Amino acid sequence: MDVYGLLGNPVGHSLSPPMHEAAYDELDIDARYVTFEPDRDAIEGAIDGAKALGIAGLNVTIPFKRDVLDLVEADELASRIGAVNTIDFSGDVPTGHNTDAVGAMRALRDHDLAIDGADAVVVGAGGAGRAISFGLADAGASVAIANRTESTARDLADEVPGAAGHGLDALAALLDEADVLINATSVGMEADATPVPKDALHADLAVMDAVYRPLETRLLRDAAAIGATPVDGAWMLLYQGVEAFERWTGRTAPIDAMNDALRSRL
Ligand code: NAP
């Protein structure tokens, strides 16, 4: 039996175990997906221990995504983003990858959105904002990043090819010409709030929210109400898991089974 898992703290409410185990069931793979909650100062030992125990792969979540970068052989994309969310133990040394960026792009493409050549606005410049901004730029979009702390947006924009950084006050002007808007802030999670004024949205926009609890955020309700295309955060969550599954197993992921397992719990 292969063992996969999630390294984070806390991980009690994670949807990754049912999502991955649905894939194992669907494809008759003899594997389990379990959660691990080490203390932060034990993270290096946790990765060495996982390798020694023959664990096949680990996802990594808050607060370890950055810490792990220096403890594995991170690939080029994970190094640029500055975060690892997937570790592969199949080689001599553990390798680190970031499936959030590609996962977000697959979520957009799944909704028939052409990213190459699109004008994209990313709200937020934290972990999710970084991954999504690099993903968009790599896929050929022109990226504008707007963040509450403007200097963080500018710093990120300096790293992302062709990107520009702004404060939130620039949002309405940026969205005027935009094709895609992505909320990569945590706004909308705790309270029924949105980081983007409704009157800044327009019907030709695709609006993706990284927030997936709740599934229908105020931003997505506003987007749907004015005829824009809403893409909820579970799609990004799904496809980062799909990417990890396919890397680890070399198999094509059973996307519908994984999606059903995820959505039935949200
Ligand atoms: P993070 O690194 O802590 O970054 C948080 C971001 O939100 C920062 O840009 C921060 O701006 C902004 N922010 C926080 N409170 C705000 C407020 N009241 N008004 C305006 N901006 C505010 O967090 P993260 O890891 O990027 O996660 C962000 C969200 O994405 C979370 O809801 C997380 O669950 C979600 N996420 C989803 C997926 C998925 O697969 N769907 C994957 C990763 C993350 P400042 O820089 O000004 O503080």
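In which loop does Asp-28 lie? Asp-28 is placed in the loop between α1 and β2 (31-36), where helices (H or I, at least four residues) and strands (E, at least two) are DSSP runs numbered from the N terminus. This is a predicted model, in which local features need pLDDT of at least 70 and side-chain atom pairs count only at pLDDT 80 or more, while totals for chains, interfaces and linings use all residues. Residues are numbered from 1 along each chain as its sequence is written, and side-chain values use heavy atoms, with hydrogens and water left out.

**Ligand surroundings**

- The ligand is surrounded by 19 residues, a residue being near if one of its heavy atoms lies within 4 Å, and the closest are Ala-128, Asn-147, Arg-148, Thr-149 and Ala-210.
- By class, this shell has 10 nonpolar, 8 polar and 1 charged residues, where Ala, Val, Leu, Ile, Met, Phe, Trp, Tyr, Cys and Pro count as nonpolar, Asp, Glu, Lys and Arg as charged, and the others, Gly among them, as polar.
- An oxygen atom of the ligand lies 2.6 Å from an N or O atom in the side chain of Thr-149, and a ligand oxygen atom is 2.9 Å from a polar backbone atom of Gly-127.
- A ligand oxygen atom is also found 3.3 Å from a backbone N or O atom of Leu-237.
- The ligand taken alone exposes 920 Å², of which the protein buries 73%, with accessible areas from the Shrake-Rupley method and a 1.4 Å probe.

**The largest pocket**

- The ligand sits in the largest pocket, meaning that more than half of its atoms lie within 2 Å of the pocket's grid points.
- Two or more residues of the shell around the ligand come from each of α5 (127-138) and α9 (233-249), and α9 gives the most, with 3 residues.
- The largest pocket holds about 1600 Å³ of space, and its lining of 48 residues includes Thr-61, Ile-62, Lys-65, Ala-128 and Tyr-212, which lie nearest its centre.
- The elements that give two or more residues to this lining are β3 (57-60), α5 and α9.

**Backbone geometry**

- Most residues other than glycine have a negative phi, and most peptide bonds are trans.
- Asp-28, which is not a glycine, has a positive phi of about 55 degrees.
- The peptide bond from Asn-9 to Pro-10 is cis, with omega near 5 degrees, and Pro-10 lies in the loop between β1 (2-7) and α1 (16-27).
- Arg-213 and Pro-214 are joined by a cis peptide bond with omega about 5 degrees, and Pro-214 is in the loop between β11 (206-209) and α8 (218-225).

How values were computed. Polar contact = N/O pair within 3.5 Å; in protein donor to acceptor, adjacent residues only side chain to side chain. 1 Å grid on protein atoms, 1.4 Å probe; cavity = no way out; pocket = protein on both sides within 12 Å on 5 of 7 lines; lining within 4 Å. Points joined across faces, edges and corners; volume = space filled by probe spheres on them.
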